[in-house]
Amino acid sequence: MGFPPFLLIFLALCPAFLAQIVEDTALVIDGTVKIAETDANYVCATLDWWPKEKCNYNECPWGYTSLMNLDLSHPFLANSIKAFNPLRLRLGGSLQNRVIYDVGNLESRCHPFTKQGDGLFGFSKGCLHMNRWDELNSFFKKTGALVTFGLNALHGRQRTGKRLWGGNWDSSNAHDFINYTISRGYQIHSWEFGNELSGKGIGANVDAEQYGTDVIHLNNLIDQLYKHFQPRPLLLAPGGFYDKEWYEKLLEVSGPGTVDALTHHIYNLGPGGWEPSSKRELVGRTKLGSDRNLVNKILNPLHLNKIADTFSNLTQTIAMNGPWTSAWVGESGGAFNNGGHNVSNTFVNSFWYLDQLGMAAKYLTKVYCRQTFVGGNYGLLDTSTFIPNPDYYSALLWHRLMGKGVLAVSRNSSSYLRSYAHCTRDRAGVTLLLINLSNQTQYGVSIESSATTTSHANEKSNHKKSFIHGLKKTFSWVGSKSSDVTLSREEYHLTPLDGNLHSKIMLLNGLPLQLTEDGDIPSLSPVIVNIKSPISVAPLSIKFLVFPNYNSPGCR
């Protein structure tokens, strides 16, 4: 006895249907008031000093991406920065406290970085020649980048303990460097003092009281040198890991109006790999084991939530001790020591990255700098080819869609569905970011607004048997009532190529994001969907939704 063809097809597809769970959830966007506001150029990325000899976990992923040797003529590099119009770049990193500026009266000759066993981070001091600084600034001008430069804050100090460095900061080299920068007419948005010297420090640390005294000195130096040059750059500090007592002391000593932004670093995924303690361990463990550990953290909402304490505590520190300043994430790469091989540069990392951007903004963070723009495993661009990795497109979509105003979102859903709402950038409306960390649950989403309105659209889906049962939307609309016009929303659905989380190719609404034949960034075009259509978020996918007709009083 044969079976009808439609029955055979149903039986073949049945396991796929059974494996996927459909869950309805409701989100409420409070459009009445902004809970926070970011800088207009919230998305930021770093360029580092690491030479190609920087190696961890039996790999050396930096190549020629150092500020000293980065190929500034590569068209992919320039095009990828121009697409942000503008992109904020932070120049700095671990070796910035070893950089000597080849200008003025130096006591000794300036040499490039070389491996040095007893040197800080295993390297000697390095030299930034002014012809290279000229090249960099020409590039920044051409691409429209906003530049933060991290200064050497150890110059003139001496090591007084295992990690502790003491003595006053010698500002002479920085003075000559800043003076040269001004004389050439180079625009620097902000000068940052030091890198990872706060608290216990990474490789080195400086006492908070001494640091505060030196920050005052730098502030006076900037005032003096920029007396006849506008605009005056901001002063950022300390560019390290948050330590409550240390940060409080820095603000107390430096005083009101000195530090314009309090910068801190985040690497909440732990190490990017593992260092074998023996040949036996090297044989017995695989790189894949390390990758799985990172992926498990990225897709675990409980792990992602842990860093909220740092954001919250820093917010309180500023409110209580330095209300004149603001919080910046000056460097964040997820996994430290170069990032995770085949993780930080693949689709799966966007779950962590976009969640970080959303969470940090809620906690009054003004700027979020990704480690790196190019270099290591965590670059937004591939180290060798300069082709954008998935996180590049995540950053660009955020920059183009998510405006400064942060709105509160409440939900009754699982923590595996992450949700963030902002006023839409440079136009009316609201943009919602949905991140589905679940590998088997598809979420059907109904959205409501708590805004007080005079004009409403209140539609209910009659498709009771669809994955969204009774989809309800209560919106406040700009212009005509929804019955008078056809209202729509924009959807940007992000998934990996072939469903492979470790893919370096991201799909936007099912189409691969790849450079054009001319090396330009592809158009990031949405799918236009009728407002009455149900909203769904597939397992292990990301979706930006723009509601251009949404009337949010908090966004005015």
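Predicted model: local features only at pLDDT ≥ 70, side-chain atom pairs only at ≥ 80, totals over all residues.
## Basis

Residues are numbered from 1 along each chain as its sequence is written, and side-chain values use heavy atoms, without hydrogens and water. Local features need pLDDT of at least 70 and side-chain atom pairs pLDDT 80 or more, while totals for chains, interfaces and linings use all residues.

## Nonpolar cores

The largest nonpolar core has 130 residues. Such a core is a set of buried Ala, Val, Leu, Ile, Met, Phe, Trp, Tyr and Cys residues joined through side-chain atoms within 4.5 Å; buried means under 20% relative accessible area (1.4 Å probe, protein chains only). Trp133, Phe351 and Phe373 have the most contacts inside this core. Helix 11 (residues 349–362) gives the largest share, eight residues. Helices are DSSP runs (H or I, at least four residues) and strands likewise (E, at least two), numbered from the N terminus.

A second, separate core has 19 residues, including Ile29 and Leu545.

## Helix 11 and helix 12

The axes of helix 11 and helix 12 (residues 390–401) come within 9 Å and cross at roughly 25°. Axes are lines fitted to C-alpha atoms over the stretch in contact, with angles from 0 to 180 degrees between N-to-C directions. Helix 11 is therefore roughly parallel to helix 12 (angles under 35 degrees). Contact (heavy atoms within 4.5 Å) involves Tyr353 and Leu357 of helix 11, among others, and residues of helix 12 including Trp398.

## Helix 6

Helix 6 (residues 244–254) has buried residues, among them Trp246 and Leu250. Its buried residues pack against helix 5, strand 11, strand 12 and helix 10. Gly255 follows helix 6, with a positive phi near 80°.

Technical notes
Buried < 20%, exposed > 50% of the residue type's maximum accessible area, 1.4 Å probe, protein only. Parallel < 35°, antiparallel > 145°, perpendicular 65-115°, else oblique.
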